[in-house]
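Here's a quick briefing to read with the model open beside you. Take it topic by topic and find each residue as you go.

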Amino acid sequence: MSKDFSATRLDVRAFAQAAGHLHGQAPLSDFKRLAADALAITGEQPLVRWEAEGELVEQKGGSGHVWLHLSAEVDLPLTCQRCLTEADIPLYVDRSFRFVPDEPTAELEDDDSDEDVLALSSEFNLLELIEDELLMEVPVVPRHEVCPVPVKLEVSDDAFEQANEQKENPFAVLQSLNVGKSAD
């Protein structure tokens, strides 16, 4: 029997018990918080591609551990902080989450656990989790691996310095005016 699962209202336990698999893609604009970090997009929207698999790991004397394996990717248009041009920064997430019965248990176990622990829900929004995980991958200082334009790495600007040298000193001008008055 095949069961259809919804990415916006996912019954995580049923998804894991069925060893469910979901995948999809959506335009960046569907992920409002992530799109807010991006440059204004003209033309075709970058696509967020994602995939999720449920797994129930059997446990002696228990109902088993519910796992969700998630991967997602997008090329996010940001401003390169080195050359100040647009840079499509690839974001990639590949994580697994273990689900526990409730929020207090998730908080308690998350501190002591190496894996990410979340609370079970029968209406879990997988797309919000995808957006959260991609947001955590946005670099603090985005930049190209190799900038497409030459990057000026000088502290001073020779043209600016030369322009300053060519300007006449305003105090010298005052001094010359003062010299003319003393002759009277």
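**Charged pairs and where they sit**

At 47% relative accessibility, E123 falls in the partly exposed class. This is a predicted model, so keep that in mind as you look around. E123 has a charged partner, R9, and their side chains form a salt bridge with an N to O distance of 2.7 Å.

**More on the salt bridges**

- The structure has six salt bridges in total.
- R9 counts as exposed, because its relative accessible area is 51% and the cut-off is over 50%.
- D132 and R33 also meet through their side chains in a salt bridge (2.7 Å, N to O).
- R98 is buried at 9% relative accessible area, whereas E115 is partly exposed at 25%.
- Shared partners join R33, E131 and D132 into one salt-bridge network.

**Aromatic rings**

- Searching the whole structure turns up two aromatic pairs.
- In one of them, the ring centres of F5 and F15 are 5.0 Å apart and the planes meet at 85°, so this pair is edge-to-face.
- F5 is in the segment before α1 (12–17) and F15 is in helix α1, so the pair ties together parts ten residues apart in sequence.
- F5 and F15 are both buried.
- F99 and F124 have ring centres 5.4 Å apart and planes at 90°, so they are edge-to-face too.
- This pair joins strand β4 (residues 86–100), which holds F99, to the loop between β5 (116–119) and α4 (126–137), which holds F124, 25 residues away.
- F99 is buried at 4% relative accessibility, and F124 is buried at 13%.

**Strands side by side**

- Strands β1 (residues 21–27) and β2 (residues 47–57) pair antiparallel over seven bridges.
- Across that pairing, Q25 stands opposite R49 in β2.
- β2 also pairs antiparallel with β3 (residues 65–79), over nine bridges, and there L56 has V66 in β3 as its bridge partner.

**A nonpolar patch**

- F171, V173, L174 and L177 make a nonpolar surface patch of about 420 Å².
- V173 is part of helix α6 (residues 170–182) and is partly exposed at 34% relative accessibility.

Terms used
Residues numbered from 1 in each chain as written. Predicted model: local features only at pLDDT ≥ 70, side-chain atom pairs only at ≥ 80, totals over all residues. Heavy atoms only, no water. Pairing = 2+ DSSP bridges. Helix = DSSP H or I, 4+ residues; strand = E, 2+ residues; numbered from the N terminus. Phe/Tyr/Trp six-rings, centres within 6.5 Å; stacked < 30°, edge-to-face > 60°. Buried < 20%, exposed > 50% of the residue type's maximum accessible area, 1.4 Å probe, protein only. Patch = residues over 30% accessible without salt bridge, like charges linked within 9 Å, V, L, I, M, F, W, Y side chains within 5 Å. Areas by Shrake-Rupley, 256 points an atom, 1.4 Å probe, with all protein chains shown as cover. Salt bridge = Lys/Arg side-chain N within 4 Å of Asp/Glu carboxyl O.
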